[in-house]
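Here are my notes from a pass through this model. Have it open in your viewer while you read.

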Amino acid sequence: MSSRSLPYSVQDVHYDNAKFRHRSPFKVITQALVTSRIRYSCGGCSIGKFLMLLMIVGLTYLVMHRSPDHSASNVLSNGAGNGEHKYVKEGVSRIHRIWRKPPRLPPQLPPDEERNFRSSPEEQRLYWVSRQQKVKEAFIHAWSGYRDYAMGYDELMPLSQRGTDGLGGLGATIIDSLDTAIIMGADEIVIEAVSWIENKLMERIEKKGQVNLFETTIRVLGGLLSAYHLSGGDNVTTGDIGIPMTLKGVKSDILLEIAKNLGDRLLSAFTSSPTAIPFSDVVLHDRSAHPAPDGLSSTSEVSTLQLEFNYLSKVSGDPKYGSEAMKVLEHFRTLPKVEGLVPIYISPHSGQFHGENIRLGSRGDSYYEYLIKVWIQQKNSGSQLNYLYEMYEEAMRGVRHLLVRKSIPKGLVFVGELPYGSKGAFSPKMDHLVCFLPGTLALGATKGITRKKAEERNLLTLEDLENLKLAEDLAKTCFEMYAVTSTGLAPEIAYFHVEGDSGGGLDGGNKSSEYIDDILIKHNDRHNLLRPETVESLFVLHRITEDPKYREWGWQIFEAFEKYTKIDSGGYTSLDDITVIPPRKRDKMETFFLGETLKYLYLLFGDEHVVPLDKFVFNTEAHPLPISWSKDSA
Ligand code: DMJ
């Protein structure tokens, strides 16, 4: 869907039914001449002017003296008339055709844009509510596949119609889905999910073995805490935040009790480590913790735990969770950086970064996301966390200076990588994961309120405006990563064509995309895991800028998911190659499709008062947690 501003004036818009408007023959001829290019090419030469005058007189004479039955219909019905009369009639008709320019019709807009422009706000709202319902139906379909074939497993394999435990066996899809179901008012799913959690989850936590600290925190701990909050556990009434359901069946205290039990076990990753940097893995049943086999932790993993542990401390009344997790960020504050940017590995043994690889994709991404989100979460709490805001601002300056480039030939703005640090070569590679950044930049600029409000209150600095501009440019690029492929779905990784470096790879297959030469995809990067980052950013940008194009883009992406990833027997699947039709399927529905992708799409199409961005901060797995402890927080 096009993002351009409407290419016509208000006058054009009201130019309805021009096709049927009567115009006098004289007006037709003079208008045609006045608007004709002849005016520009011959207007200045006197012979031209003379000839033009002769033509006007001659043509006016012919038209004025034609018989009254020279209308098109009469010519047709009298087609068998005498030869001379026919000749005159045809001559006049031909002249008439030549000079009567086709009437100006209202510009052709794609149906969606036309609807957006013409319909009343209420009609538009209802239109988007109907699309939102389609997302809810997709969620119900995804859940039904999981429930029918994989209940209790971490993930569904929709083609094999069975479950698999890729995340340690805590039923991750159930917990990742629960707050989405609450927000959508999918009551039956809430009941099914809560009943499994109440009956099975505690036992699983006590018995299961090794889990990854980060994945378990963002999906399971975050999911439990968000559901706890949204179901009224933290004295919130769901009506206040626009959530439609009664939630009668949910005993939120149980969710908190399980969250605390899990949090206690996860804490061992922090307490076992000789530094502030936690180990990457925890064995749940014996509460032991271990570094990854290579001894290293991912930078993003150790710095993406704080929203969840802070909130657990708040609701449990025990400061130990937040205090352990915040030590990581305090430690990061002291480490050397490259213009605010950091390498993607860190050692829990030395507490130092490992290697020089800098990127905002895998292993780097949510470090930058949590700098600003943890600051937002705590900004009303009286904590002294301004250093996080400063680290974020410095990092975004570093991104703009060192990582942002434009592709050729069409100038898409993208974020590349520095695999060998700031002194090494720039790589024009961008993971789909980087598409979280537009949303984070927009959130960081206005702190969750609309751009309009922020401008009215004079709250935007020059840097905020720069970040907002970058957010919009990058969101477009992320959308084009979808639009450039045959399926309309983005690859896991894209390369951008820059001066002197084609990045390698082939085009995405959609020959009608104007960015076909700008975006290249390598053979091994052609998969799509149903990831959320782009629709996450579209949601945040729509809330902040109120620009309807973000909804249109989101809808286009949703339709592509529907077309190519939906499995009839239930669930959705990741794909092996998004550049061919039909795309090869992978047989896996990631938990974040229900926890993030469909949640963000649902919120994108709905009312901005539902889970408002100035009262909630979404963890990196899209679980909303309240912006803490402010008087006006929900
Ligand atoms: C999610 O688990 C989280 O969004 C994480 O931060 C990055 N990867 C996935 C989704 O793509």
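1. Ground rules. This is a predicted model, where local features need pLDDT of at least 70, side-chain atom pairs count only at pLDDT 80 or more, and totals for chains, interfaces and linings use all residues. Residues are numbered from 1 along each chain as its sequence is written, and side-chain values use heavy atoms, with hydrogens and water left out.

2. The annotated threonine. An unreviewed UniProt entry has a "binding site" annotation that covers Thr 620; such annotations may be inferred rather than shown by experiment. Thr 620 sits in the loop between β14 (616–618) and β15 (624–626), with strands taken as DSSP E runs of at least two residues and helices as H or I runs of at least four. Its relative accessibility is 14%, so Thr 620 counts as buried (under 20% relative accessible area; exposed is over 50%, partly exposed in between, with a 1.4 Å probe and protein chains only).

3. Its surroundings. Not counting residues up to four places away in sequence, Thr 620 touches Phe 214, Ile 218, Thr 304, Ser 366, Glu 369, Tyr 370 and Glu 596 (contact is heavy atoms within 4.5 Å). With Glu 369 there is a side-chain polar contact of 2.9 Å (N or O atoms within 3.5 Å, one able to donate a hydrogen and the other to accept it; residues adjacent in sequence count only if both atoms are side-chain atoms).

4. The core. Which residues touch the most other members of the largest nonpolar core? They are Ile 197, Phe 332, Leu 388 and Leu 598, out of 166 residues (buried Ala, Val, Leu, Ile, Met, Phe, Trp, Tyr and Cys, joined through side-chain atoms within 4.5 Å).

5. The sheet. β3-β4-β5 is the order of an open, antiparallel sheet of 3 strands (pairing takes at least two DSSP bridges). β3 (210–212) and β5 (288–290) are the edge strands with a single partner each, so one side of each lacks a neighbour in the sheet. From one strand to the next, the twist averages 30°. Helix α11 (residues 213–230) packs on this sheet, touching β3 and β4, at about 70° to the direction of β3 (axes are lines fitted to C-alpha atoms, for helices over the stretch in contact; angles run from 0 to 180 degrees between N-to-C directions).

6. The glycine. Gly 416, in the loop between β10 (413–415) and β11 (429–431), is buried at 2% relative accessible area. Its C-alpha is 7.0 Å from that of Phe 426, 10 residues apart along the chain.
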